[in-house]
Amino acid sequence: MKRFSIAIIFILLVCGITFYLISIPRNMSNTIAVEGVLDLINEDFSGTLFYLNGEWEYYEGKLYNPADFESGKGIDSDKTFINVPLAWHHAKSPLYGFATYRLIIKTDEPELMMFIPEIMDASIIWINGNKVFEAGVIGETKSETVARVRNAFASMRPENGEAEIVIQAANYYMIESWGTFGIEIGRPGLLLNNTIGRRVLAGIFIGLLLAVFLYYGLVFFYRKEEYGTLFIAALSLLGAIYFTLERNSFASFFLPGGLGIGLNRFYFLLIILQLYIVIGFIIYVLRIPVKNWLTRIFYALSFIVLLFIVFLPYNLWNTPLSYTGLIPGGFCFISALRSGKLKENSYNIFCVFSIVIVNFWNHFCWYILHDTFFLQGVASYMFLVLSQCIILSISYAETKQREEILTERNALLGKLNRLKTEFLQDMSHEMKTPLTLIATGIDYTGREIKKENADVPKALTVLEKIQNETQRLGRMIEGMLKLTAMNEISVNRRRVDFAVLLTDSAESFRLELERRGINLKIEIAPGLPDVFVEKDRFTQVIANLLTNSADHTVNGEISLVADNGRSFITVKVTDTGVGISPGLLPEIFKRGISGRSGTGYGLNLCKTIVEAHGGTIEIDSGPDKGTTVKFTVPVYGGQEVGHKI
C-alpha cells in the first residue's frame, strides 16, 4: 500500500509539471484592448508576450476588407464591440453566419510576429492591408463556405506606430465560433521559442503515449488473455492521435492546408472511442457482469446514437455529443458502485474515481477555463493513462504472485510426493531384513520356551537380538522421517551466531565422551561471522557427526575445528577411530549406506541439511586412519531480505 501511495504521488507530480510546462501560459501580459484599440506603447517586449484580447470592432453579417475601412463607406453605423476570445469560444456571436472583426494595435516596436491559433471555420486575416492568413472559403451561405482548421505564424511591421488587423470569418458547422483562445503577438524570437517549445513538450508527451501503446500492445500480443493491456494500448494510441489533432499541436505540420470538417468529425469520433475504451476497462478491472441483454443493448444503442450525432448534418452536432456521452459513462459509474467491487480494495476505488476526477476536470476546463490554458487535457489524460497503468500493473503483479505461489505449492506437492515415494521404498527395502530377523527370533524363542528342557540362555540371547533389531528399526524410521521433513528447511531460517551454535552443540557431548575415554577438542576461529540457517538442523548435523565419531572411536580424540573464509565458514569434525573402507567411501552419503553398521541415514541427513543451506560436505577416511568430515556454510549477508518467514 505504501508503494501504491508513492506511485500516486509520483504520477500527480509528473502530471502537475507537465500541465505547467505545456498548458499554463507564461510571460503573458494582462493588457487588453478597449473599444477596438490595444495600446502597447511603452510596453516591455523583451520578455513578454501579449494576447490580442479585449474589445474588438465587430460587424455581424458583413464582410469588410481593409480597403473598405480605408474608404469608410458607412462602416461606423454597423460597428459594435465584442469581447474576444470569450465570444468566440462561448458562441455569443456570430453563432452561425459570417462577420468581420477589426483591431488597432499601437506600438513602437519595429517588427512583431503573430501566432494565429487553430481556427475552426473559414477565415481571412489582413495586417495593414496585406493578407497574411487564409483558411477555407468564406461564403454568405453554408453551401458557399468551406471550413478549414489550421494555425500559422504571421509577421507584422507597424506603420507609424500602428498595426491594423482585419479578420473575416464564416461559421456554419460548429457551435464554437472561429477561434478558441486569443491570438498572441511578440518579438519573433520570443514568440517562436514559446510556441515551438510548447509543441516540443507536447510532442514528447505524445511520444510517451505512443511508447505506452507499443509496450502494452506487445504485452497483449504475447499474453492475449490480458485484455486490460489491450484497453491501455488502445487508449494511449487514441490519445496520441487526439493530441496530434489538438490545438497548438502538429496538425499544421502534417496537413499544411488545415483540417476539413470531415477530419474535425474524426476528432470527435476519437472522443467517443476513448469513452467506450474507458468503460470497457472499468468493466474488465472490476469484473462487472454485463450478461444482462438489456445492459448490452443499452451500451450498443448509446454508442450508435453518439456515432449518429457525430455524422449529423446539423450545426449543433458537437454540443449534444459532449452531453450525450455522459449517459453511458454515468451508467457505468453507477454499475461500478452497485457491484460492490469498490469495497474489495483501494485499487478499484482509485480506478473508478480517477476517471471521474479526470472527466470533471476536463469539463471544468472546457467550459470555465478554456480561454486560459493551451492544452488543459494533457495533464488529465496523462493522469488517466498512468493511473490505469498502475491499476493494471498491480493486477498483473498480483496475478504473477498468485501464479508463483501456485507454482511453489505445486513444486512442494511434487517434492512431498517424491519424498513419500522414497519413504515407502526405503521402508519396504530397509525394514525387510530387521523384520525378518525379528520374526525368526520370535518364532525360535516361542518354540524354545515350550520345550521341557528349554535353552533359556540362548533364548535370552535371541530376545536381546530382537530388542537390538527393534531399536535399530526405530532409529531407521526416525532417520527416514527426518529426511522427509527436510521440505520445511527454508521456513525457519534465522541469523545465528555460528560460534555459539558449534560450541554449545559440541559441549553437550563432552561428559558422555569423557565417560567413554574420548577427549573432545574444540577450536573456533576468533571473529567467526554469523550464518543464516535453521538452528535446530545444524545442531542435528553436529550431533550426528559427533555420535558417529564416538561410536567408532575407543580411547581416542575427536576435534571440532571452525575456520573463517571470505564467503564460507569451514567446519571439520575429525576422529581417531577405525575409519571407513575405500570401497564404501564414494557411496557413504547415500541413504541407507553405512560403513559402521549403522542405519545409513545420519550422513545422508547431514548432507541434505548442509546442501539445502548452500554449503558443501565431504569425507576423508581410511581403515585405522580415522575419519574427517568437512562441511561449509555461507556467511550471513542479509539473506532475510525478501525471505518468507
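# A guided tour of the predicted model

Begin with the largest nonpolar core, a set of 56 residues in which F205, F243, I282 and L286 touch the most other members. The structure on display is a predicted model. To see where this core comes from, select the helices α1 (2–22), α4 (188–222), α5 (227–245), α7 (261–286), α8 (293–310), α10 (326–339), α11 (346–367) and α12 (377–430); each of them supplies at least two core residues. Colour α7 separately, for the largest share of the core, 13 residues, is drawn from this helix.

Next, centre the view on L286. Apart from neighbours within four places in sequence, L286 has contacts with A336, K341, L342, N348 and V352. Then display L513, V533, L560 and L605, which are among the 39 residues of a second, separate core.

**The whole chain**

Zoom out before continuing. The protein chain contains 18 helices and 18 strands. Of its 645 residues, 47% count as buried. Contacts between residues at least 6 apart in sequence can also be sorted by separation: 76% of them join residues at least 24 apart.

**Y242 in helix α5**

Return to helix α5 and select Y242, which is located there. Is Y242 buried or exposed? Its relative accessible area is 15%, and because the limit for a buried residue is under 20%, Y242 counts as buried. Now show its surroundings: leaving out neighbours within four places in sequence, Y242 is in contact with Y267, L270, I271 and Q274.

Move to strand β5 (residues 97–106). Of its 10 residues, 9 are buried, so the strand is largely enclosed by the rest of the structure.

- Select strand β1 (residues 37–39), which pairs with β5 in the parallel sense over 3 bridges. L38 has I105 of β5 as its bridge partner.
- Select strand β3 (residues 54–60), whose pairing with β5 is antiparallel and comprises 4 bridges. Here Y59 has T100 of β5 as its bridge partner.
- Select strand β10 (residues 162–171), which pairs with β5 in the antiparallel sense over 10 bridges. A99 stands opposite A169 in β10.

**E184 in strand β11**

Select E184, which lies in strand β11 (residues 184–186). With a relative accessibility of 0%, E184 counts as buried. Show the side chain of R198 as well: the side chain of E184 makes a polar contact with it at 3.2 Å.

**The five-stranded sheet**

Now display the open sheet of 5 strands, ordered β13-β15-β16-β18-β17, in which the pairing is mixed. Which strands form the edges? They are β13 (519–524) and β17 (617–621), each of which pairs on one side only. Viewed across the sheet, the twist averages 10° from one strand to the next.

Focus on one pairing within the sheet. β13 and strand β15 (residues 557–564) run in the parallel sense and share 6 bridges. Select E523 to find V561 of β15 standing opposite.

α15 lies across β13, β15, β16 (568–575) and β18 (627–634), and runs at about 175° to β13. Helix α18 (residues 602–612) also packs on the sheet, where it touches β17 and β18; its direction makes about 145° with that of β17.

**Helix α15**

Finish on α15 itself (residues 498–507), and colour its buried residues: F498, A499, L501, L502, S505 and A506. Why do these residues line one face of the helix? Seen down the axis of α15, the buried residues fall within an arc of 165°, so they line one face.

Conventions:
Residues numbered from 1 in each chain as written. Predicted model: local features only at pLDDT ≥ 70, side-chain atom pairs only at ≥ 80, totals over all residues. Heavy atoms only, no water. Core = buried A, V, L, I, M, F, W, Y, C linked by side-chain atoms within 4.5 Å. Buried < 20%, exposed > 50% of the residue type's maximum accessible area, 1.4 Å probe, protein only. Contact = heavy atoms within 4.5 Å. Arc of directions from axis to C-beta. Pairing = 2+ DSSP bridges. Axes fitted to C-alpha atoms, helices over the stretch in contact; angles between N-to-C directions. Polar contact = N/O pair within 3.5 Å; in protein donor to acceptor, adjacent residues only side chain to side chain.
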